[in-house]
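Student: I've got a model open and I'd like to talk through how it packs. Can we take it one question at a time?

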Amino acid sequence: SLEVLSLAASFDNKDLVTAWEFSFIISFEKTGEHEPLAQFYLLEAAQLGNTKAQIHVGKCYLQEETGFPYDSQKALGWLHQAYENGEQSACLLIAST
């Protein structure tokens with residue numbers, strides 16, 4: 001639940017917050033919308049240094065239907081951060097943006 005993820009984020013538990021990424025994707029697939037709290041916790045995970053969340057945030061800024069406003073500069077910023085934190089797959093996304 002979002003309450004558990006909030007607690008995980010407050011304790012800087014990157015691995016538990018990663019689980020939230022999947023609920024973000026699933027909620028979009030089921031309803032076509034994301035909860036504002038879900039977006040908040042995805043950003044929280046990215047800010048805590050979770051590279052998977054950083055990539056997901058980058059992708060979200062490139063796709064308006066995710067609930068994030070389109071912003072290629074923010075997208076590239078998050079993708080670069082993920083790459084700098086060791087996420088090699090971010091390089092491919094950066095190259096295709």
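Student: Among contacts in the protein between residues at least 6 apart in sequence, what percentage join residues at least 24 apart?

Tutor: Quick caveat: this is a predicted model, where local features need pLDDT of at least 70, side-chain atom pairs count only at pLDDT 80 or more, and totals for chains, interfaces and linings use all residues. Residues are numbered from 1 along each chain as its sequence is written, and side-chain values use heavy atoms, with hydrogens and water left out. A contact means heavy atoms within 4.5 Å. For pairs at least 6 apart in sequence, the share of contacts joining residues at least 24 apart is 47%.

Student: And what pattern does the protein follow along the sequence?

Tutor: Helices (H or I, at least four residues) and strands (E, at least two) are DSSP runs, numbered from the N terminus. The protein has six helices and zero strands. Read along the sequence, that gives α-α-α-α-α-α.

Student: How much of the protein counts as buried?

Tutor: Buried means under 20% relative accessible area, exposed over 50%, and partly exposed in between, with a 1.4 Å probe and protein chains only. Of the 97 residues, the buried share is 38%.

Student: Leaving aside neighbours within four places in sequence, which residues is Y61 in contact with?

Tutor: Y61 belongs to that ten-residue core. Skipping the neighbours within four places, its contacts are F68, P69, Y70, D71, K74, A75 and W78.

Student: Are α4 and α5 roughly parallel or roughly antiparallel?

Tutor: Axes are lines fitted to C-alpha atoms, for helices over the stretch in contact, and angles run from 0 to 180 degrees between N-to-C directions. For α4 and α5 the angle is about 160°, with the axes 8 Å apart. Angles under 35 degrees count as roughly parallel, over 145 as roughly antiparallel, 65 to 115 as roughly perpendicular and the rest as oblique. So α4 and α5 are roughly antiparallel.

Student: At what angle do α5 and α6 pack?

Tutor: Helix α6 covers residues 89–96, and its axis is 8 Å from that of α5. The pair is roughly antiparallel, at an angle of about 150°.

Student: Is S72 buried or partly exposed?

Tutor: S72 sits in helix α5, with its C-alpha 6.5 Å from that of Y61, eleven residues away in sequence. Its relative accessible area is 25%, so S72 is partly exposed.

Conventions
Core = buried A, V, L, I, M, F, W, Y, C linked by side-chain atoms within 4.5 Å.
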